Amino acid sequence: MHRIGLTGGFCSGKTFVLRVLEEQGCRTLRADDLAKGIVFAPGSPLLNEVVGIFGPGVLDAGGGLDKEKFSQALFADLEKRQALNAVVHPLVGEERRRLIREAEAAGIYDFLVYESALLLESGIQGDFERVIVVYSSPAVQLRRAMERDGLTRAEAQKRIRSQFPLREKLKAAHYAIDTSLGAESTRTRTLEVFHLLKKDFHLS
């Protein structure tokens with residue numbers, strides 16, 4: 001089983017690309033899903049640390065994390081976000097490795113694709129044999145962020161700027177997928193990349 005990393009900017013179309021690859025029989029994992037499973041789990045051992053970093057304002061009436069307040073706080077302060085990442089990333093890494101071992105043991109997958117917006121920022125790109133970078137034009141990315149998440153222009157721009165610039169991500173890319181032209185164009189390009197992967201690893 002070959003390990004493929006998939007990354008890109010905020011609202012760049014990563015989830016759509018991952019879904020197309022899953023349709024082709026790839027085992028897929030999302031870093032966000034792993035992190036949310038850890039942070040938002042009932043009785044999460046990280047709750048006290050999250051409150052210690054962001055304050056009690058991120059809690060809901062029941063004493064759990066309020067997802068909207070937490071999300072706003074997360075992108076409002078770079079230092080606090082980095083402090084949280086330092087706590088969460090090792091746990092996400094443990095879960096990622098466990099799930100990869102499970103997929104390898106199953107013996108039914110040619111590829112495992114791990115999607116993480118912070119693949120490069122967290123320094124784990126070396127764990128993967130190939131890296132796919134998904135991107136769109138700045139205007140399309142901004143529009144998607146505002147429409148999908150109901151963000152103001154300023155909020156969307158802040159979240160986009162919170163990640164590595166696209167040019168830095170593209171330096172690490174073995175394959176790049178431009179999603180600017182919509183779903184069908186993106187699907188076509190993703191299928192092209194999938195067939196290139198198979199060719200690279202002599203699977204076709």
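**A strand pair and its surroundings**

A: Tyrosine 135 has aspartate 178, in β5, as its bridge partner. The model is a predicted one. The bridge belongs to the pairing of β4 and β5, which run in the parallel sense and share four bridges.

Strand β5 covers residues 175-178 and has two faces. Tyr175 and Ile177 make up the covered face, while Ala176 and Asp178 make up the uncovered one.

Next come the cores. The largest nonpolar core has 29 residues, and the members that touch the most others are Val50, Phe54, Phe70, Leu84 and Tyr114. Two or more residues each come from α2 (31-39), α3 (47-54), α4 (67-76), α5 (78-106), β3 (111-115) and β4 (130-135). Helix α5 supplies the largest share of this core, with six residues. Apart from this core lies another one of 16 residues, including Phe111, Val134, Tyr175 and Leu197.

Leu84, of the largest core, can be followed in detail. Setting aside neighbours within four places in sequence, leucine 84 is in contact with Val50, Ile53, Phe54, Phe70 and Leu74. Among these contacts, Val50, Phe54 and Phe70 are also listed with the members that touch the most others.

By type, the lining of the second largest pocket has eight nonpolar residues, seven polar and two charged.

Two backbone details complete the account. Most residues other than glycine have a negative phi. Cysteine 11, which is not a glycine, has a positive phi of about 55°. This cysteine 11 is in the loop between β1 (2-8) and α1 (14-23), and cysteine 11 is buried, with a relative accessible area of 7%. Histidine 202, also a residue other than glycine, has a positive phi near 55°. Histidine 202 sits in the segment after α9 (183-200). With a relative accessible area of 73%, histidine 202 is exposed, whereas cysteine 11 is buried.

Key. Residues are numbered from 1 along each chain as its sequence is written. This is a predicted model: local features need pLDDT of at least 70, side-chain atom pairs count only at pLDDT 80 or more; totals for chains, interfaces and linings use all residues. Side-chain values use heavy atoms; hydrogens and water are left out. Ala, Val, Leu, Ile, Met, Phe, Trp, Tyr, Cys and Pro count as nonpolar, Asp, Glu, Lys and Arg as charged, and the others, Gly among them, as polar. A nonpolar core is a set of buried Ala, Val, Leu, Ile, Met, Phe, Trp, Tyr and Cys residues joined through side-chain atoms within 4.5 Å. Buried means under 20% relative accessible area, exposed over 50%, partly exposed in between (1.4 Å probe, protein chains only). Contact means heavy atoms within 4.5 Å. Two strands pair if DSSP finds at least two bridges between them.
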